[in-house]
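Student: I am new to this one. Could you walk me through it and show me how the labels are reached?

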Amino acid sequence: FHRREVATILGAYPKNYLLKMAHHGYNGIWLHGKLDEMAKVAVFPEFGRNADRMIKDLNILVRRAANYGIRVYLYFNEPLGMPQASDFWKKYPHLKG
């Protein structure tokens, strides 16, 4: 899967690509979402910095895909670990397991 799949969805699924998908019988798109990118959390302000734009883009894709009989599904496999060198752990070392 593409690590930042939802962040780049509008470029990845233009109308002509959706038309080709529908022509070949596809009726769904699965996207991998990461909650730390898509959800704002007051306790951790670094989470969801681009959430508003990502949700807006998702809604655009859902409407665009629906025109071709295609549904959009989000797949979450949380919690995902963060790299040990992540800035998050530098800011919150007391949360390390």
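Student: Which residues form a nonpolar patch on the surface?

Tutor: Keep in mind that this is a predicted model. The patch consists of Trp 30, Tyr 73 and Tyr 75, and together they have about 360 Å² of accessible area.

Student: What makes Tyr 73 count as partly exposed?

Tutor: Tyr 73, which sits in strand S2 (residues 71-76), has a relative accessibility of 33%. Buried means under 20% and exposed means over 50%, so Tyr 73 counts as partly exposed.

Student: Why is the pair of Phe 44 and Tyr 92 called edge-to-face?

Tutor: Their planes are at 80° and their centres 5.1 Å apart.

Student: Which parts does the pair of Phe 44 and Tyr 92 tie together?

Tutor: Phe 44 lies in the loop between helix H3 (35-38) and helix H4 (51-66), while Tyr 92 is in the segment after helix H5 (87-91), so the pair joins parts 48 residues apart in sequence.

Student: How do you know that Phe 44 is buried?

Tutor: Its relative accessibility is 19%, and the limit is under 20%, so Phe 44 counts as buried.

Student: Why is the pair of Phe 47 and Phe 88 called stacked?

Tutor: Their planes are at 20°, with centres 5.4 Å apart.

Key:
Residues are numbered from 1 along each chain as its sequence is written. This is a predicted model: local features need pLDDT of at least 70, side-chain atom pairs count only at pLDDT 80 or more; totals for chains, interfaces and linings use all residues. Side-chain values use heavy atoms; hydrogens and water are left out. Patches are made of residues with over 30% relative accessible area and no salt bridge: like charges are joined within 9 Å, nonpolar side chains (Val, Leu, Ile, Met, Phe, Trp, Tyr) within 5 Å. Accessible areas come from the Shrake-Rupley method with a 1.4 Å probe; for residues, only the protein chains shown count as cover. A salt bridge is a side-chain nitrogen of Lys or Arg within 4 Å of a carboxyl oxygen of Asp or Glu. Helices (H or I, at least four residues) and strands (E, at least two) are DSSP runs, numbered from the N terminus. Buried means under 20% relative accessible area, exposed over 50%, partly exposed in between (1.4 Å probe, protein chains only). Rings of Phe, Tyr and Trp (its six-membered ring) pair if their centres lie within 6.5 Å; planes under 30 degrees apart count as stacked, over 60 as edge-to-face and the rest as tilted.
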